[in-house]
Amino acid sequence: MAACSVEELLAKAEQEEAEKLKTISVQKELDLDFDVGNLLACDKNRIESRDFKEQKKEDFLRALARDNTQLLINEIWKLPTERVEEAIVAKLPEPATRLPREKPPPKPKPPTKWEQFAKLKGIQKKKKTNMVWDETRVAKNEFNRLKNIARAQKIKTPGVGLLPRTKQSKDELSRAVSVAKTSTASAGRFQDRLPKEKPPKNAGKRRKFEPLIGDFSSEKQKQLELLKVMDSKRPKLDITKAVNKQMREEDREEAASKRKGRKGGAAGRPKGKGGKGKGGRAGGGKAGGGGKRRGKPGKR
Amino acid sequence: MRPLTDEETKAMFEKLSKYIGENIKLLVDRPDGTYCFRLHHDRVYYMSEKILKLATNFSRDKLISVGTCFGKFTKTQKFRLHITALDFLAPYAKGFGVAAKTTQECRRVDPLSIVVFHQADVGEFIRNEDTLT
């Protein structure tokens, strides 16, 4: 009893399997046309009219649809597959069928004002290419390439002269001129200039200043030294002062002697201080100090 | 701000010596503190070192003035003394006077007329009594 049932079960399983397989394979008179890119299958097989006449046309249609879909899916399974995020995906080919237009074609636009004018004048559209063969550019590229190599390998290169270009800028020319001028034995100090050429503005190096908060005592020393030098250079004798002083002295002498003369009579005027000259008065010129005046001698 | 160069210092001292003569060294070397001259935007400022150290905290464009301005250097590097220096120059001045006549008149006047009034301060007669008479 059990053996029979087992055999029966096996037979049933086989039958079912066969049926399943059967359903996958579909027999058709004519093969379908496939456009897998559009997921399209065209069935050109003849349809018997009697299938439609009977009541079970729904069943017939359903069966037909199922068969054709099965064939299409078979085709899809033939395609190369790839795995995208845990799903096996078939790579569809390009769609073969050309689909008709969705919207009507665009109407021709009326010509613009310029287009009308161009047509009138017969102007053709000339396309300007921005790629122009420029030999000087090629040369410049080469030059820069070599400079880069020199810089990378730390080879010394001479200062810039003129680059081999057709149009030099004023900047470059002036720089080249100044470089040429300075590259003499005396660093360009005795080079003649053209009649209207101006002397270079920042001739020489950048100025360097003392630090802002240097050594205060040394700064003080330097200033005092400078003052000392200035004092020594200044003439010890202030000529005008000396002369003025001398004149005043003489006036005083004359006044004194006049008084004495009136009083005393015939005693010769002591010429005393006339002979000393400027030397003796020298000390007085500088040490005038507090109360001495400068400028025009006013009446006291 | 920067310290003055030698040429600038010389030009300034020349100018100052016209007013205070030798006493510049009393400005340079003071008993009551280290004072210094610094140049900022072509103007010469006189300040004590502690003010200088405080002033270093300001950027050049934000710093307006430090200490007292003595004067400025013109475009052709001539030193022009300003009135703000008066307080420092006054005690050492070689002599003061008030002009009795206008500048034009001073030029045209005969040699014996008075052009400057020396206005003495209170103690001057006593200070200088030996030399005055």
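This is a predicted model: local features need pLDDT of at least 70, side-chain atom pairs count only at pLDDT 80 or more; totals for chains, interfaces and linings use all residues.
Figure 1. Of the 300 residues in chain A, 10% are buried.

Figure 2. When neighbours within four places in sequence are left aside, A:Asp33 is in contact with A:Leu40, A:Ala41, A:Cys42 and A:Lys44. The side chains of A:Asp33 and A:Lys44 are joined by a polar contact of 2.3 Å. A:Leu72 stands 39 residues from A:Asp33 in sequence, and the C-alpha atoms of these two residues are 9.5 Å apart in space.

**Figure 3. A nonpolar surface patch that includes A:Ile47.** The patch is formed by A:Ile47, A:Phe52 and A:Leu61, which together have about 240 Å² of accessible area. A:Ile47 belongs to the loop that runs between β2 (40-42) and α2 (49-53) of chain A. The relative accessible area of A:Ile47 is 44%, so this residue is partly exposed.

**Figure 4. The interface between chain A and chain B.** The size of an interface is often given as the accessible area lost when the parts come together. Here chain A and chain B bury about 2600 Å² between them, and carbon and sulfur atoms give 64% of that area. A:Leu212, A:Phe216 and A:Lys220 supply 22% of the area that chain A buries against chain B, more than any other three residues. In terms of residues, the contact takes 25 from chain A and 29 from chain B.

Figure 5. Two salt bridges are counted between chain A and chain B. A:Lys220 forms a salt bridge with B:Asp29, and the closest N and O atoms of this pair are 3.6 Å apart. Helix α7 of chain A, residues 216-233, gives nine residues to the side of chain A that touches chain B, the most of any contributor. Two residue pairs are in polar contact across the interface of chain A and chain B, both at pLDDT 80 or more.

**Figure 6. Overall make-up of chain B.** Chain B has seven helices and six strands. Along the sequence, these elements of chain B follow the pattern α-α-β-β-α-β-β-α-β-α-β-α-α. Chain B has 133 residues, of which 35% count as buried. Among contacts in chain B with a separation of 6 or more, 44% are between residues 24 or more positions apart. Chain B exposes about 8700 Å², and carbon and sulfur atoms supply 55% of this area.

**Figure 7. B:Ser48, a residue of strand β2 in chain B.** B:Ser48 is found in strand β2 of chain B. The relative accessible area of B:Ser48 is 9%, and therefore this residue is buried. Apart from neighbours within four places in sequence, B:Ser48 is in contact with B:Thr34 and B:Tyr35.

**Figure 8. Positive phi at B:His41 and B:Gln77.** Most residues other than glycine have a negative phi. B:His41 is not a glycine, yet has a positive phi of about 55°. The residue B:His41 lies in the loop between β1 (35-40) and β2 (43-48) of chain B. B:His41 counts as exposed, because its relative accessibility is 55%. B:Gln77, likewise a residue other than glycine, has a positive phi near 60°. The loop between β3 (68-73) and β4 (79-81) of chain B holds B:Gln77. With a relative accessible area of 45%, B:Gln77 is partly exposed.

Notes
Residues are numbered from 1 along each chain as its sequence is written. Chains are lettered from A and ligands numbered from 1 in the order in which they are written. Side-chain values use heavy atoms; hydrogens and water are left out. Patches are made of residues with over 30% relative accessible area and no salt bridge: like charges are joined within 9 Å, nonpolar side chains (Val, Leu, Ile, Met, Phe, Trp, Tyr) within 5 Å. Accessible areas come from the Shrake-Rupley method with a 1.4 Å probe; for residues, only the protein chains shown count as cover. A salt bridge is a side-chain nitrogen of Lys or Arg within 4 Å of a carboxyl oxygen of Asp or Glu. Helices (H or I, at least four residues) and strands (E, at least two) are DSSP runs, numbered from the N terminus. Buried means under 20% relative accessible area, exposed over 50%, partly exposed in between (1.4 Å probe, protein chains only). Contact means heavy atoms within 4.5 Å. Buried area is the accessible area (1.4 Å probe) that two parts lose on being put together, summed over both. A polar contact is a pair of N or O atoms within 3.5 Å; within protein, one must be able to donate a hydrogen and the other to accept it, and residues adjacent in sequence count only if both atoms are side-chain atoms.
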